[in-house]
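Me: I've got a model open and I'd like to learn how to read it. Can we go through it piece by piece?

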Amino acid sequence: MTTVDLTFENSTHEAWSVLAVEGEIDVATAAQLREQLNTLVAEGKHQLIVDLNRVEFMDSTGLGVLVGAHKHLVELGGVMRVVCTQPTILKVFDLTGLNAVIPLADDLDSVLAAS
Amino acid sequence: MSPDLSAPVVALTVPCAPEYLGLIRLVASSVATNAGMDVDDIDDLRIAADELCYLLMSATADEQDIKLTFTISPQRIVIEGKRAGWPEGGVLPGASDLMVKILAQVVDDFEITGDGGSVKFRAVKDAGATTGTSAGPAV
């Protein structure tokens, strides 16, 4: 059996917790992303930036995980932003209209500047 | 429409496991590149192959392999996928809302059907065509 892994990097910038993801997000890897997001939220990190700039592919499963995390955070009074400039990833947000639901930004600095 | 028997066909058999979706995407990209499609269309075909193969993987069927073909015509690629061992009259795998929204815009037509003991899909991608014309899956 082949194993497919995502790589995660956590950091903190002002009040924001940043989860930078690298790899391809599909049904084989989406559970890893869900677990990372759930852990951060359980740790009380309710201002979350998910950096997808090093993600090469994301399908509906990955989108579903982000939507679930976004909804959960909103219920808790938190916020989630997605940082991404990859055309392939932006395309799936655009196709599904989720770019109107989950705020997107080009980079970390623009999220920090707007907060 | 009758099939173009002179069209080149790329055939692939992959184990029915999500770990192989990356390989399927790679083949889809390569086929679209060789067919002269542009970057947008290559991306579309890669996304469609991923979503549709995942649907076949989620079907209740005995066969543990998925058989895929990419039929290449000028300005058009048809992807067909099939998984045998599907019980006649069984439940077809359901596409999520997100999946349907994506598929309806990345390919020009697609359907998911079950007959003859197999669950199958067929999707058509025309180069440079306006997206969003699919009637959606037959599920």
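Me: In what order do the five strands of the open sheet in chain A run, and what is the pairing?

Reply: Strands of a sheet pair through backbone hydrogen bonds, either parallel or antiparallel. Here, in a predicted model, the order is 1-2-3-4-5 and the pairing is mixed. Strands are DSSP runs (E, at least two residues; helices are H or I, at least four), numbered from the N terminus, and two strands pair if DSSP finds at least two bridges between them. Strand 1 (7–13) and strand 5 (104–105) of chain A are the edges, each pairing on one side only.

Me: How many bridges join strand 4 to strand 5 of chain A?

Reply: Two, and those strands run parallel. A:Val82 sits opposite A:Leu104 of strand 5.

Me: How much area do chain A and chain B bury between them?

Reply: The size of an interface is often given as the accessible area lost when the parts come together. For chains A and B that's about 1,800 Å², 60% of it on carbon and sulfur atoms (1.4 Å probe, summed over both parts). In contact (heavy atoms within 4.5 Å) are 20 residues of chain A and 21 of chain B.

Me: How many salt bridges cross that interface?

Reply: The rule (a Lys or Arg side-chain nitrogen within 4 Å of an Asp or Glu carboxyl oxygen) finds four. One of them links A:Lys91 and B:Asp44, with the closest N and O atoms 2.5 Å apart. Helix 3 of chain A gives the largest share of the side touching chain B, five residues.

Key: Residues are numbered from 1 along each chain as its sequence is written. Chains are lettered from A and ligands numbered from 1 in the order in which they are written. This is a predicted model: local features need pLDDT of at least 70, side-chain atom pairs count only at pLDDT 80 or more; totals for chains, interfaces and linings use all residues. Side-chain values use heavy atoms; hydrogens and water are left out. Buried area is the accessible area (1.4 Å probe) that two parts lose on being put together, summed over both.
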